Amino acid sequence: MAVVASVAAILPWRHHGCGSKRAGIASPDHPRIWQNPPLRHGNISAQRSVTQIAASGSGRFAALDSKVGTIASDAAGEVAVFWESDYLLAARVKNKGLDVLQGAVALVKNLGFKVAEATVQLEENAMDDGVSVQLLKILVKNARDKKLDAAEKSNLATSLMDFIVRSYVPGAPSSDPGFRHKVERMYKLMDQYLKNDTFSIQKNIVDHSEYTLARSRFRFDDFEAYQATAYSVRDRLIERWNDTHSLMREKDPKRIYYLSMEFLMGRSLLNSIVNIGVKGQYADALKQLGFDLEILVEQERDAALGNGGLGRLAACFLDSLATLDYPAWGYGLRYEYGMFRQTIQDGFQLEHPDYWLNFGNPWEIQRVHTTYPVKFYGHVDEIQENNKKTYIWTPGETVEAVAYDNPIPGYGTKNTINLRLWAAKPSGELELDSFSTGDYVNAVLSKQRAETISSILYPDDRTYQGKELRLKQQVFLVSASLQDVVRRYKDFHSDFAAFPQKVAFQLNDTHPIIGVAELMRILLDEEKLDWVKSWEITTKVFSFTNHAILPEALEKWPLELLENLLPRHLQIIYRINFYFMEEMKKKFGDDLVRLSRLSIIEEGEKKNVRMANLALVSCHTVNGVSKSHFEFIKSSLFKDFHDMWPHKFQCKTNGVTQRRWMACSNPDLSQLITKWLGTEAWLKELDLLLGLRLHANDYNLQEQWMKVRRSNKSRLAAYIQIISGAKVNVDAMFDVQIKRIHEYKRQFLNVIGIIHRYDCIKNMTAEDRKKVVPRVCILGGKAPPGYENAKRIIKLIHAVGDKLNNDPDVGDLLKLIFIPDYNVSMAELVIPASDISQHLSTAGSEACGTGNMKFAMNGCLIVGTKDGSNVEIQEELGSENMFLFGPSAEDIPELRTEQKDFQPVLEFRRVVGMIRKGVFGNAEYFQPLCDTIDGAGDDYYLLGHDFPSYLEAQAAVDKAFVDKKRWAEMSILSTAGCGQFSTDRTIREYAEEIWNVEPLRHS
């Protein structure tokens, strides 16, 4: 074990990039060693040799069973290892630079001992000739958690001396002459990458089936074949992953840390083998083993780590960060059950836990030794320490955050970054105390209470308990992540002077904003920095992406909740707000209304903490996610702050990754694009799609293009038949709206349009029906469990579908299908098969939207409002290649004021009347939904107002679809115009204009 620890310490410091493989092996983590503030002169700094150090200080460092060694080397200085009570000390005098004794803690652990505490004290340039002194101090206990006896101390001191000498002094003598030979042998064993020829891949797969899964290599089914294949791919990712982190440690660049409550990753197998360039090899290897890659891909469960656009954006960002070689980490939560698994019973949505981890997750690596305590409740005491006020937080509950790492490979690069997810576990000490006293019930309850934090995504927050759990999740994420980042920084730096030059935090929406108070707490209470320095650091490292449009969507927490759950954080927030308001009073005087709007604390009968205001005060940059959204937050949502600090505000239009949404989900179309462009470079430079415009009118391309699209539609039609029994016409227009169910997204408008079309067909003559363009209307999405009207919309979709799908008068002219449990993998099937995609949110309601980008990239035409990124897509594609309708966002406020006197068109009123009269059944159940558009609800989302222009857009769609040549050209031009909507472009803008982070490329 000692040899392994030594090798792990030596190899990462070799020159990176040489030889047939890589220069080092390492995990993403170093042992937790921290350089404390420098020692004062006259303590150990004034001594020249380590022998003197060990004997100095009136017996302070007197050795018990000590071993003292001296190395004659200008580069190495001198080394001593000795004991002081139960502390194992290693001292080193070094002429140049800071050489942290990395790996020593790992050695002690690998020898079977426990490390209760580890610090490194140092003083650089302590003497006139620039000599630095370093003292490693480890509190060691044996496996029984007892003090070491004399023999154990002597053996451990000897092992540590050998480790230091051999690991850090090239060519130094050693008590083990064979050690260097062992190191070289270990290095040679790991000096070759895994091969990617057919035989090597097959051997790797069958080895995993036998040795990892404990299955016979001659008998394993599709699921076991998937697992073995996934492990074999992960092996290749880990090689690149270790190289990437070794390079990061060697170069110590500025890193970007992306914090998000959601990472909607989708499946990993296909994406991974596409990105590392081995898809063809794996397909061939599996075929020869009797397996089909496409079938094995379907065995993988989607990782239930997100819900919608927020999480999918985060996943696309990670792909682009890796592909563009940025030194980056993602941080999130490892939800055990996700949000929920949706099933439909009699048209009603039912929610079930998503047991996505039941059969394990071959892509993750549990880091059992990477854990951090996260504290809740308790009280704060103020004490005097060194004539300074110090605050001691005594928590009422402590939960352990355990790390699970997921390698994220870039496309066409060795760069493989890390997504670290935290799982909540009970504090071992508390659980042990309960068991020791016989309180087994409390021990179990403590375990359940802790694990609840990372059980489900977005618990229902309509109750106090639900709000508390949501806030706990957010604190759990940021506390564990910030502790991890601070620990990593301290591995290489003796103070926090360089922290802003090495660390950038991007907060994805308001959920992680409590991290501002948490970093201040760490710097103030744990690292003992003063307020001014802590605030200076904090305001330089955080940037914030706002996804909200509506003021009510901005997160606020009841003051009493923070006071109970996070007493120290509330103190810090109060102090931040005090200094901020004092500054604002100087600026605005007695303008109490403005001061009230700016304050982080919302006054009133029940006080709240405005998290967005905290972000605006503390973050150096705040960005919107589309041009229209950016204009809105400047002129309305955050106007007061923009007026003061316009330099803080930027626009970064969202995007999607073409690797996932074209290369993986639509491989045939991707190959066709590559053929006509003459290069695969568009997979990294999406602007190259513009080249398709030169061929958009070419008959051969149009024919091949529509053939691919029809093949995709056939696959979707087969799936629809499996889930619903409905057989749909592949040559009909596939009209799709798949997204989270919400009133502002206006699936209800779509359904009203479908009912109107059904009503028209029913009243047509047989001759007129021949002129109708056949449509298959496909909807999908989840309604939040507590959102009753969203659930009514799902029920209405099914009720209308049951009626028209079984009406012989309609036949294949109109079908309505709902796809349950919509997720990333389902989107990868639906999007390439869509002819039109509807994005109907009321103008001014959507911050950006990225679903429309995925559809447009795949040659699907957009029907939508002038909302979010639809406006920018129109600028790139041209209005002639989209079907936009309705008013602009700036017209919406006035239209809402006119709603009281507004009378919808007859067609709209007729459809609502049909629903109310029970034509589709469940008349009473649908009444509250109808009331929102023609009753006391005043039609807030303007369905009635937009209905006529919506029908006009749909008529234009029918007309265009009939002209097959024109439709094919529009589809090609849609793809050709999407070059600006890659997350590669978005990430470059973040890196250059917000984070100031440079790519770190492998040589």
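View 1. At 2% relative accessibility, Arg-709 counts as buried (buried is under 20% relative accessible area, exposed over 50%, partly exposed in between, with a 1.4 Å probe and protein chains only). The model is predicted: local features need pLDDT of at least 70 and side-chain atom pairs pLDDT 80 or more, while totals for chains, interfaces and linings use all residues. Residues are numbered from 1 along each chain as its sequence is written, and side-chain values use heavy atoms, with hydrogens and water left out. Asp-835 is buried too, with a relative accessible area of 3%. The side chains of Asp-835 and Arg-709 meet in a salt bridge at 3.7 Å, N to O (a side-chain nitrogen of Lys or Arg within 4 Å of a carboxyl oxygen of Asp or Glu). Asp-835 lies in the loop between helix H30 (824-830) and strand E25 (836-839) and Arg-709 in helix H26 (residues 699-724), so the pair ties together parts that are 126 residues apart in sequence. Helices (H or I, at least four residues) and strands (E, at least two) are DSSP runs, numbered from the N terminus.

View 2. Lys-540 and Glu-536 both belong to helix H17 (residues 531-541), where they are four residues apart, about one turn of the helix. Their closest N and O atoms are 3.1 Å apart. Lys-540 is partly exposed at 42% relative accessible area, and Glu-536 is partly exposed at 32%. By the salt-bridge rule, the count comes to 59.

View 3. Strand E11 (residues 379-385) pairs with strand E12 (residues 388-394) in the antiparallel sense over seven bridges; two strands pair if DSSP finds at least two bridges between them. His-379 stands opposite Thr-394 in E12. Two residues lie between the strands of this hairpin, and Asn-386 takes a positive phi near 55 degrees. A salt bridge of 3.8 Å, N to O, joins the side chains of Lys-389 and Glu-382. Lys-389 counts as exposed at 51% relative accessibility, whereas Glu-382, at 47%, counts as partly exposed.

View 4. Six of the six residues of strand E7 (residues 328-333) are buried. In a regular strand the side chains alternate between the two faces of the sheet. Both faces of E7 are covered, with Ala-328, Gly-330 and Gly-332 on one side and Trp-329, Tyr-331 and Leu-333 on the other. Strand E6 (residues 255-259) runs parallel to E7 and pairs with E7 over four bridges; the bridge partner of Leu-259 is Tyr-331. Five bridges join E7 to strand E14 (residues 416-426), also in parallel, and Leu-333 stands opposite Trp-422 in E14.

**View 5. An open sheet of three strands.** The strand order is E17-E19-E18, with antiparallel pairing. Strand E17 (556-558) and strand E18 (601-602) stand at the edges with a single partner strand each, so one side of each has no neighbour in the sheet. E18 pairs with strand E19 (residues 608-610) over two bridges, and Ile-601 stands opposite Val-609 in E19.

**View 6. Glu-239 in helix H7.** Glu-239 is placed in helix H7 (residues 222-251) and counts as buried at 9% relative accessibility. Glu-239 and Gln-192 are 47 residues apart in sequence and 9.8 Å apart in space, C-alpha to C-alpha.
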